Amino acid sequence: MTAPIVVVGAGLTAGKAVEGLREAGHDGPVIVYGDETLPPYERPPLSKSYLAGGSTLADATVHEQSWYDEHGIELRLGSKVQELDVAGNRVVTQSGSQEFSKLLLATGAAPRRLGLADRSDAPVTYLRAVGDSDRIRGALVEGARIAVIGGGWIGLEVAATARQAGAEVTVVESFDLPLLRVLGHEVAKVFAELHREHGVDLRLGAQVTEIERRGKLGAVHLMDGTVLEADLMVVGIGALPNTGLAERAGLPIENGVVVDEHLRTSHPDVYAAGDVASAWHPVLGTRIRVEHWDNAIGQGTLAGRNLAGREEVYDRLPYFYTDQYDFGMEYLGHVGPEGYDEVVLQGDPHGSRQFRAFWLRDDVVLAGMHANDWDAMDPIRSVVGRPADRGRLSGDQPLAG
C-alpha cells in the first residue's frame, strides 16, 4: 500500500492544499497534523471581524469537518510533529512515527517574541490563534486601556477594532511612522493620520525599556521616561517562520524553508508553502516569503496540485488587504529590500482618503495599491511590473487600457 501524503500544519495553507490535492485527482490517503485542536481556519478575522464580534469561528473555517470526512482527509489535530526524517520519509510525533510518500510543510509563522514582555508578569498577549483573539476581545470593553506594542498590520488592526469597541488605545512604535518599512513615508503617514483622527494615542519613535505588572495592570516604560498603564498589552512586532522541523532535518533555510518555483524543497518528496516558504518567484526574479492570506490560499492550492503529480509554477504577485475603521485598501506587487525611487499618488490621500499609490524603481512599477476605490484592482494589475507611464499613474490618462 502506498504511504499517505502528509501535511504538517493545519492552517489555511493546509486546508487549501488538501483541496487542491483532491481536485487534481489524487485519491490516495492524506493525513494532516495540526498543533491546534481546531480544523483549518483563516486568521485575518482574528484581528478584524472575529475580534469585533461580527463573525464567528465557523465563518473563518476553511471546510466543515464533513468535507474532510467526505474527501477522505484524516485530520490528526492536537498532534504535534516533533521531528522530520527526510532520509526515511517519516514524521515523528509523541505517539509514534508515520511514513509519507510526499510531504507538505505548512507550519506557518509564529509571533516574534518580546523578551521584556515575556519576562514580566504583566497582562500581555500576542495574536496568532483563536484563543489569543478571544482573550483580546474579552478585554475590549468601554473605557478599557489597551497598549499595542508595534505599529504593523496586526497592531493597527487590533487598535482600530479596540477603538470601535470603546477602548482607549495607545500604539507604541519604534519607527517614526506606523507601517513605515512596508509602505514608505508617503503612504504610512496616511495611516498615522487615520488612527489619530479616531483617537489612538500614537507614540512614534518610542523605545520600550521595561514592562512590569502594577496590580491588575501592566505598565510599559518608554525611554523618554513615560509610563503607560494598560489593562492588556498586545505585542505585534512581526513574525518568524516556523522552520525548526525543516532546519533539524537538514533542509536549506533562508528566511524560511527554501523552495523552488514549484514549491519543492531540496528533497524531491518534500514541499513547503504559505508563511514558512521562502519561494523563488520567476516573475520577480528573487526569493520571497509572504505572510498574507492570499499567499496561503494560492501557494496551498498549487502545492496540493503539485503533490498530486503536477509541475505547476507559482508566479502570483503578492497581494494583501486591510480594513481599519471605514478605510479599506488592497495592495499588489513587491518592492523588496532594495526599496523604491518614488511614489506616485493619484487621488486624495489626506482628505477623502480615496486614492491610488504606485511604487517605482528605475522607472518600473513595483507595486500599486488603492484605498477605498474598489474598482481599482484590475487597472492596478495592468501596470504593476511594467514600465511607468506617468500620465496613466497620475490620473491624467485612464489607468486601464
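Glu83 has Val92, in strand β5, as its bridge partner. The two strands concerned, β4 (residues 81–85) and β5 (residues 90–93), pair in the antiparallel sense over 4 bridges, where strands count as paired if DSSP finds at least two bridges between them, and where helices (H or I, at least four residues) and strands (E, at least two) are DSSP runs numbered from the N terminus. Together β4 and β5 form a hairpin with 4 residues between them, and Asn89 in the turn has a positive phi of about 50 degrees.

The model is a predicted one, in which local features need pLDDT of at least 70 and side-chain atom pairs count only at pLDDT 80 or more, whereas totals for chains, interfaces and linings use all residues. Residues are numbered from 1 along each chain as its sequence is written, and side-chain values use heavy atoms, with hydrogens and water left out.

A second example of strand pairing is an open sheet of 3 strands in the order β18-β20-β21, with mixed pairing. Because β18 (257–259) and β21 (286–288) stand at the edges with a single partner strand each, one side of each is left without a neighbour in the sheet. Neighbouring strands of this sheet are turned by 25 degrees against each other on average, direction ignored, the axes being lines fitted to C-alpha atoms. Strand β20 (residues 277–281) runs antiparallel to β21 and is joined to it by 3 bridges; Trp280 has Arg287, in β21, as its bridge partner.

Turning to the aromatic residues, rings of Phe, Tyr and Trp (its six-membered ring) are taken to pair if their centres lie within 6.5 Å, with planes under 30 degrees apart counted as stacked, over 60 as edge-to-face and the rest as tilted. By this rule there are 7 aromatic pairs. The ring centres of Trp153 and Phe191 are 5.7 Å apart and their planes stand at 85 degrees, so this pair is edge-to-face. Since Trp153 belongs to helix α7 (residues 153–164) and Phe191 to helix α9 (residues 185–197), the pair ties together parts that are 38 residues apart in sequence. Phe191 also forms an edge-to-face aromatic pair with Phe327, at 5.2 Å centre to centre and 75 degrees between the planes. Here Phe191 in helix α9 meets Phe327 in strand β23 (residues 327–333), so the parts tied together are 136 residues apart in sequence. Trp153 and Phe191 are both buried, as is Phe327, buried meaning under 20% relative accessible area (1.4 Å probe, protein chains only). Ring pairs link Trp153, Phe191, Phe320, Phe327, Tyr331 and Trp359 into a cluster.

Of its 49 residues, Ile146, Val169, Phe191, Met329, Tyr331, Trp359 and Met369 touch the most other members. Apart from this core lies another, of 48 residues, among them Val86, Leu263, Val270 and Ala296.

Finally, Ala246 is found in helix α10 (residues 244–248) and is buried, with a relative accessible area of 2%. Leaving aside neighbours within four places in sequence, Ala246 is in contact (heavy atoms within 4.5 Å) with Leu105, Leu251, Ile253 and Val257. The C-alpha atoms of Ala246 and Thr265, 19 residues apart along the chain, are separated by 9.7 Å.

How values were computed: Buried < 20%, exposed > 50% of the residue type's maximum accessible area, 1.4 Å probe, protein only. Axes fitted to C-alpha atoms, helices over the stretch in contact; angles between N-to-C directions. Core = buried A, V, L, I, M, F, W, Y, C linked by side-chain atoms within 4.5 Å.
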